[in-house]
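Try each task before reading its solution.

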Amino acid sequence: MAYNGKNKNSKNNRVSNIPVNKNANKNDYNKVNGGVFVYTGNISVSQLSKELNVPATNIIKFLFLKGKMVTLNQNLDDELIGEICLEYGYDFKKEKVVSEENFEELEIVDDAKHLKERPPIVTIMGHVDHGKTTLIDTIRNSNIVATEAGAITQAIGAYQKEIKGKKITFIDTPGHEAFTQMRSRGASVTDIVIIVVAADDGVMPQTREAIDHAKAAKVPIIIAINKIDKPGADTDRVKQELMTLNIVAEEYGGDTIFCEISAKKNIGIEELLENVLVLAEMQELKANPNRYAMGTVLEAKLDKGEGAKATLLVQNGTLNASDFVVVGAAYGRVRKMTNEYRAELKVAGPSTPVAIIGLTEVPVAGDKFMAFPTEKQAREIAEKRKLAKAQDELNKKTPGTLEDLYNRIHEGEIQEINVIIRADNQGSAEAVKGALQNIQVEGVRINVLRATAGAITETDVLLASTSSAIIFGFNIRPDALIRKKAEEEKVEIRLHTIIYHLTEEVEAAMKGMLKPTYREQVTGQAEIRKVIVASRIGKIGGSMVTNGVIKRDSLCRLLRDGVVIYEGKISSLKRFQNDAKEVAENFECGLTIENFNDIKEGDIVEGYEMVEVKK
């Protein structure tokens, strides 16, 4: 539903985003407006008759002549409504009904005179270790890389920089393959994408993926060929590789801007930023600052000192400190709002990234948020969203078809590792969950019971205890009480700061869970050349080892004319009068086979053992 009206309760002259018309959420919100019949849902012949001021009998007759049999109370589809309206001189329009709790579906249409230029939102993408965060460092004159585990970005960072009097908002997305979802979220809120490609490394898997995300978001791409100062740098090779992905440089007749840079040595950065401003100007990016803020959650976590904390990107409107907000299924009052330098802000306009505290719980990164005039309205909408979310999760857990049920029954043969994930922020929790679920080991699977941001709680430990789960902590440390509780409940807590170390550990554990697989390995063969009968023992095969070694107590099979006559075990093995553990090739021996006495001269005794196959 499009809406640009004002709400009488709005403060600071800001426009509310939720329509004030009480009937906006009803299916019978139909009206004739200037010769246009506007409707929102199902409508019967009787209702349409009243709205158009046309006798119902005329409508029924009109449809009958077109071969359509309808009754007075029958609901009409959109096609029939359209035909009837045109027949009686009306245009028609169906509006989508959006309930207030589904505010992310609202289509906001602002009057052009209220729109003002906003900063472009630029997302930096690319393969791991191609220099994305170093580029941000150079632009901001900061040193973010030094603070990151393994020098790999593991959360979305949002920063704002003023370039030649104009602000640009940068979003730095992780390049590691485990962070696909986080990069996807970055692309969904961006205006321009800078894809960083190392000149000495070329196009890599995450480079292709970043390009796919940018294309899906239908936003302009700038290619930043980085590390041009390094030995082995080959910018022409990079351009050729990108051409195979339909990314063609302007110099080759394409429409993609290419910039050759060295983020480390600050080469070509100014030209790159100038191109960003040019692209932004061409797009005419605008927003209405005079409405209540709405936008997207870039990151969320449970801060030890401040509680639930979320990084928001304001996409439209203005967010004020002390505003009431609904963020995902959480709500609260903005108690404190800070920028990337931790400086406190009172106001945040369009394209501004801010961290806020004051929410009732940690939202999920990628959730939408909206500010509201009153706490009551925010609380009620949050409660409705929470109920809807709980219902969705319940529905997902229910088998939808017989095939689902069949699969679940037969998957009883598959072993599961139950896992609970706790991370420093929601994006990392999602990434760890995705990485674990992507591990492929036949016969074993990962079952993630919970993946959330925040410290490990007693509830996590109790859940792990009852479900025999392992708790993985990512960039967090449990306190002494939790450790003690885990020891009491015999729950294992594994802590990591590098995601691929965690996945390697879990993969090794999964392989260790499998029942061992064995293959047969023949140790040797012996030919029976003389049969000796002993009263107490039975028949003894006087043999010559013709190949390999024959071992006492090893498995064996008796072959006669190439056919297996018996399979069993070598029960005794002697060299002359002495017991032997094994007899090597070209040596004579005497042997007996357990529970088998029908041996003959010329028989072949083949010894073998079962060897475990490494996964």
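Helices here are DSSP runs of H or I with at least four residues, numbered from the N terminus. Keep in mind that this is a predicted model.

**Exercise 1. Place T235 in the fold: which helix holds T235, and is T235 buried or exposed?**

Step 1. Find the helix: T235 belongs to α7, which covers residues 235-243.

Step 2. Check the accessible area. Buried means under 20% relative accessible area. T235 has 16%, so T235 is buried.

Step 3. Look for partners. Leaving aside neighbours within four places in sequence, T235 touches A199, I225, I228 and E260.

**Exercise 2. Describe how helix α4 packs against helix α8: what is the angle, and how far apart are the axes?**

Step 1. Recall what is needed: two packed helices are described by the angle between their axes and the distance between the axes.

Step 2. Read off both values. Helix α4 (residues 132-140) packs on helix α8 (residues 269-283) at about 90 degrees, and the axes are 11 Å apart. This angle makes α4 roughly perpendicular to α8.

Step 3. Name the residues that meet. From α4 come L135, T138 and I139, while α8 brings I269, L272 and L273. Sorted by type, the residues of this contact are five nonpolar, one polar and no charged.

**Exercise 3. Work out which residues of helix α12 are buried, and how they are arranged around the helix axis.**

Step 1. List them: in α12 (residues 458-467), the buried residues are D460, V461, A464 and S467.

Step 2. Look down the axis of α12. The buried residues fall within an arc of 145 degrees, so they line one face of the helix. As background, an α-helix has 3.6 residues a turn, so residues three or four places apart point the same way.

**Exercise 4. Trace the six-stranded sheet: in what order do the strands lie, and which strands are at the edges?**

Step 1. Follow the order: β10-β11-β9-β12-β13-β14, an open sheet with mixed pairing.

Step 2. Find the edges. Strands β10 (157-163) and β14 (257-260) each pair on one side only. From one strand to the next, the twist averages 25 degrees.

Step 3. Zoom in on one pair. Strands β12 (residues 192-198) and β13 (residues 221-226) are parallel, paired over six bridges; V193 stands opposite I221 in β13.

Methods: Residues are numbered from 1 along each chain as its sequence is written. This is a predicted model: local features need pLDDT of at least 70, side-chain atom pairs count only at pLDDT 80 or more; totals for chains, interfaces and linings use all residues. Side-chain values use heavy atoms; hydrogens and water are left out. Helices (H or I, at least four residues) and strands (E, at least two) are DSSP runs, numbered from the N terminus. Buried means under 20% relative accessible area, exposed over 50%, partly exposed in between (1.4 Å probe, protein chains only). Contact means heavy atoms within 4.5 Å. Axes are lines fitted to C-alpha atoms, for helices over the stretch in contact, and angles run from 0 to 180 degrees between N-to-C directions. Angles under 35 degrees count as roughly parallel, over 145 as roughly antiparallel, 65 to 115 as roughly perpendicular and the rest as oblique. Ala, Val, Leu, Ile, Met, Phe, Trp, Tyr, Cys and Pro count as nonpolar, Asp, Glu, Lys and Arg as charged, and the others, Gly among them, as polar. The arc is that of the directions from the helix axis to the C-beta atoms. Two strands pair if DSSP finds at least two bridges between them.
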